[in-house]
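Reader: I'd like to go through this model with you piece by piece. Could you have the structure up while we talk?

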Amino acid sequence: MRILLAEDDFSLGSTLREWLQLDGHAVDWVQRGDLAQVALRTQDYQCILLDRGLPGLEGDALLRELRQARSTVPVLMITARDALELSLIHISEPTRPLYIS
């Protein structure tokens, strides 16, 4: 599976990339939202791991763009924001992505 990892934290990004590669996945790692945009235009991905707080373009804005373009690629949001708040958002709006804190 080809995965786009969009995470600006070096430690977390390198760890996630290593784990995914050890599991046999091809991983393209970018550290900016605008670079994730470019990657999505030039490559097909089966999954996206997307940080909400990326420089260049926030993850929420990138996800909105993807869905407006009718992309159905699965997106797992990565965040350090308040887990309870995000859990409540997901419960009240189940069509929104599930966030992992």
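Reader: How many salt bridges does the count come to by your rule?

Author: The count comes to 3 salt bridges, where a salt bridge is a side-chain nitrogen of Lys or Arg within 4 Å of a carboxyl oxygen of Asp or Glu. Before going on, please keep in mind that this is a predicted model, in which local features need pLDDT of at least 70 and side-chain atom pairs count only at pLDDT 80 or more, while totals for chains, interfaces and linings use all residues. Residues are numbered from 1 along each chain as its sequence is written, and side-chain values use heavy atoms, with hydrogens and water left out.

Reader: Which residue forms a salt bridge with Arg2?

Author: Arg2 pairs with Asp28, and their closest N and O atoms are 3.0 Å apart. This pair links distant parts of the chain, since Arg2 sits in strand β1 (residues 2–6) and Asp28 in strand β2 (residues 26–30), 26 residues apart. Helices (H or I, at least four residues) and strands (E, at least two) are DSSP runs, numbered from the N terminus.

Reader: And how accessible is Arg2?

Author: Arg2 counts as partly exposed because its relative accessibility is 25%, and Asp28, at 24%, is partly exposed as well. The cut-offs are under 20% relative accessible area for buried, over 50% for exposed, and partly exposed in between, with a 1.4 Å probe and protein chains only.

Reader: What about Arg52, which residue does it form a salt bridge with?

Author: Arg52 forms a salt bridge with Asp60, with 2.6 Å between the closest N and O atoms. Arg52 counts as buried at 7% relative accessibility, and Asp60 is buried too, with a relative accessible area of 16%. The side chains of Arg32 and Asp34 also meet in a salt bridge, at 3.0 Å from N to O; here Arg32 is partly exposed at 34%, as is Asp34 at 26%.

Reader: Changing topic to the strands: how many residues of β3 are buried?

Author: In strand β3 (residues 47–51), 5 of the 5 residues are buried, so the strand is largely enclosed by the rest of the structure. Cys47, Leu49 and Asp51 point one way from β3, Ile48 and Leu50 point the other way, and all are buried.

Reader: Which strands does β3 pair with?

Author: β3 runs parallel to β1, to which it is joined by 4 bridges, and it also pairs in the parallel sense with strand β4 (residues 75–78) over 4 bridges; two strands pair if DSSP finds at least two bridges between them. Ile48 in β3 stands opposite Leu4, and Ile48 also stands opposite Val75 in β4.

Reader: Then what does β1 do with β2?

Author: β1 and β2 run parallel and are joined by 5 bridges, and the bridge partner of Ile3 in β2 is Val27.

Reader: Which hand does the β-α-β unit of β1, α1 and β2 have?

Author: β1, α1 and β2 make a right-handed β-α-β unit, and β3, α3 and β4 make a right-handed one as well. A crossover is right-handed if, with the strands pointing away from the viewer, the path from the first strand over the helix to the second runs clockwise.

Reader: Is Phe10 buried or exposed?

Author: Phe10 is exposed, with a relative accessible area of 57%, whereas Trp29 is buried at 18%.

Reader: Last one: in what order do the elements run from the N terminus on?

Author: The elements run β-α-β-α-β-α-β-α-β, which comes to 4 helices and 5 strands. Of the 101 residues in the chain, 40% are buried.
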